[in-house]
Amino acid sequence: MPTLDEGKPIAVLAGMHAGCYELFGREGIHTIRDLKGKRVAVSAIDDGDRILVSSMVGYVGLDPRSDINWVTGDSIWDAKRLFTEGKVDAIMAFVPVPQELRAMKIGHVIVNTTQDSPWSQYFCCMIAARRGFVQDYPIATKRALRAFFKAADICSNEPERVARFLVAKGYEPRYEIGLEVLKSLPYARWRDANPEDTLRFHAVRLHEFGMIKSEPNKLIAQGSDWRFLNQLKRELKT
């Protein structure tokens with residue numbers, strides 16, 4: 001959203017699935033409102049985890065600019081270290097960090113974006129491209145999008161196969177964690193959910209407290225292109 005708001009030539013093409021992120025808190029923190037005045041670790045001040053927490057905070061009536069003490073690390077792994085060492089009160093954990101924190105019995109889940117409404121209703125992972133590429137190479141754009149969707153279908157229908165692939169390639173060496181993640185995420189969501197709803201939901205939140213300046217409808221009109229998604233939904237029905 002901030003990138004689109006800056007006027008960068010990007011087109012959001014589709015959504016993939018919900019989930020991936022889980023908001024963890026330490027003792028005494030059980031709701032999003034409990035984050036007021038607390039230290040929240042993020043991988044970077046302008047990264048996706050901070051944007052998502054900001055949207056959540058805004059949704060419950062807090063102001064992420066003044067009500068949260070942001071602590072930035074060099075990466076999500078550094079943010080995890082800050083949380084495990086007790087130097088921060090909460091973390092927006094991205095897979096496989098939630099699985100590791102549960103195994104270590106550190107903290108507890110405040111929000112699971114795969115399961116908890118309203119976050120579970122919206123995409124966490126979406127596909128975007130440079131607008132110039134989309135305009136100049138529509139056939140290549142559609143082929144790339146088709147490949148993403150076919151991969152998502154394989155993740156949905158054959159998670160064991162994909163988990164073995166992740167191990168073989170070294171992306172996630174722990175088969176059990178890879179399989180757990182694959183089985184938990186709704187990879188078939190791209191077929192049913194409307195990605196524009198996700199953009200609007202978060203754009204409204206971010207616009208309300210000034211993280212983006214553009215009106216949500218304007219941002220969506222200028223920063224999205226659903227033509228290829230609509231075509232592929234018809235072509236990949238089975």
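The model is predicted, with local features requiring pLDDT of at least 70 and side-chain atom pairs counted only at pLDDT 80 or more, while totals for chains, interfaces and linings use all residues. Residues are numbered from 1 along each chain as its sequence is written, and side-chain values use heavy atoms, without hydrogens and water.

The protein contains 12 helices and seven strands (DSSP runs of H or I, at least four residues, and of E, at least two, numbered from the N terminus). Its radius of gyration, taken over C-alpha atoms, is 18 Å, close to the 18 Å of the globule rule for 238 residues, so the protein is as compact as a globular protein of that length. The rule is 2.2 Å times the number of residues to the power 0.38. Buried residues make up 50% of the 238 (under 20% relative accessible area; exposed, over 50%; partly exposed in between; 1.4 Å probe, protein chains only).

Helix α11 spans residues 216-223, and its buried residues are Pro216, Leu219, Ile220 and Gly223. They fall within an arc of 95 degrees seen down the axis, so they line one face of the helix. The arc is that of the directions from the helix axis to the C-beta atoms. Asn217, Ala221 and Gln222 are exposed on the other side of α11. The buried residues of α11 pack against α1 (2-5), β1 (10-17), α5 (131-136) and α10 (195-208), contact meaning heavy atoms within 4.5 Å.

Helices α6 (residues 138-157) and α7 (residues 159-169) pack at about 110 degrees, with axes 5 Å apart. Axes are lines fitted to C-alpha atoms, for helices over the stretch in contact, and angles run from 0 to 180 degrees between N-to-C directions. α6 and α7 are therefore roughly perpendicular (65 to 115 degrees). Ile154, Cys155, Ser156 and Asn157 of α6 meet Pro159, Arg161 and Val162 of α7.

Definitions and conventions
Angles under 35 degrees count as roughly parallel, over 145 as roughly antiparallel, 65 to 115 as roughly perpendicular and the rest as oblique.
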